[in-house]
Amino acid sequence: MPVLAPRDDLGRCGRQQELAAMLSGSQPSEPWADEQVAILADYVCGRGRDDEAAILVQQIIGCRFVPTYRSDQASWEAASKIDQFRDGLSAKTIIWQLTGRLRRAFDLLRARAKDDPWCFHGTAIGLHGVVAALSRMRQLRAAPDLSALSDEAAVRRCIAAPKQVPRTVETEVQTPIVDQPLSAGTLVVLQLEAAHAKAPGEEMAFMHGHWSECPAREFVTSLLLAVWRKSMQKTATV
């Protein structure tokens, strides 16, 4: 996948910049419809199911890459399987591998993405951070008094970091985590979700300021801000 290309890969760097420009809303088309924002705002206010909001998020992300992208219960369940597999091996995920269910989930999302690797990544992996953030917004929106909280502060509080991301050691490095130095080529899994809980911010959530910064940072934060502001115009349910 392109996201796993080396930091000095020129194709990766160029495509990352291109994606950031496209996802930031600099393109002529709107990244999402007002009706979609209104539905997600209703969810934040306590109305609607989790899977309905997730399917809509998948649709918004997918259409940014493939205008004809179609999300539904099947595509959301496929993305959920991939997300659970990324958490680590378990009896359930092993069964999924042996029975071919995991492969069918990959194949379904690749087909929906028209074999666009970036669309596949966004609709299979990236969307889970947005879904988690909306869930946190729903909890926050139920708080009794939000008058002292700005819209931007509310979104920052709800942003969710990826559970973990893989990285490769470029040169030998000493770390207090292990006794021996890590040699070049060692695969390291960064537990960003755990780190974000201790040091919340865009650096952990989007790797902001690093070579591997998520090109969807502005897209995600803008969507969440639009949903939060719309939710504040509505009445929350108990």
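Lys114 is exposed, with 57% of relative accessible area. This residue of the predicted model sits in the loop that runs between helix H6 (101-112) and helix H7 (117-141). Its backbone is worth a look: phi of Lys114 is near 55 degrees, which is a positive value in a residue other than glycine. Most residues other than glycine have a negative phi. Asp115 is also found in the loop between H6 and H7, and phi of Asp115 is near 65 degrees, again positive in a residue other than glycine. Asp115 counts as exposed because its relative accessibility is 65%, and the cut-off for exposed is over 50%.

The protein chain has 11 helices and two strands. Followed along the sequence, the elements come in the pattern α-α-α-α-α-α-α-α-β-β-α-α-α. The chain has 238 residues, of which 39% count as buried. Among contacts with a separation of 6 or more, 65% are between residues 24 or more positions apart.

Two packed helices are described by the angle between their axes and the distance between the axes. For H2 and H7, the angle is about 55 degrees and the axes are 8 Å apart. On the H2 side, the contact is made by Leu40, Tyr43 and Val44, and on the H7 side by Leu134, Ser135, Met137, Arg138 and Arg141. Sorted by class, the residues in the contact of H2 with H7 are five nonpolar, one polar and two charged.

H8 contributes Asp151, Glu152, Ala154 and Val155 to the contact, while H11 contributes Thr221, Leu224, Leu225, Trp228 and Arg229. By class, the contact of H8 with H11 has five nonpolar, one polar and three charged residues.

The structure holds two aromatic pairs, and one of them is formed by Trp32 and Phe219. Their rings are 5.3 Å apart, centre to centre, with 65 degrees between the planes, and the pair is edge-to-face. Where do Trp32 and Phe219 lie? Trp32 is in the loop between helix H1 (10-26) and helix H2 (34-44), and Phe219 is in helix H11, so the pair ties together parts that are 187 residues apart in sequence.

Are Trp32 and Phe219 buried or exposed? Trp32 counts as buried because its relative accessibility is 15%, and the cut-off for buried is under 20%. Phe219 is buried too, with a relative accessible area of 4%. By contrast, the loop between H6 and H7 holds Lys114 and Asp115, which are exposed at 57% and 65%.

How values were computed. Residues numbered from 1 in each chain as written. Predicted model: local features only at pLDDT ≥ 70, side-chain atom pairs only at ≥ 80, totals over all residues. Heavy atoms only, no water. Helix = DSSP H or I, 4+ residues; strand = E, 2+ residues; numbered from the N terminus. Buried < 20%, exposed > 50% of the residue type's maximum accessible area, 1.4 Å probe, protein only. Contact = heavy atoms within 4.5 Å. Nonpolar A, V, L, I, M, F, W, Y, C, P; charged D, E, K, R; others polar. Phe/Tyr/Trp six-rings, centres within 6.5 Å; stacked < 30°, edge-to-face > 60°. Axes fitted to C-alpha atoms, helices over the stretch in contact; angles between N-to-C directions.
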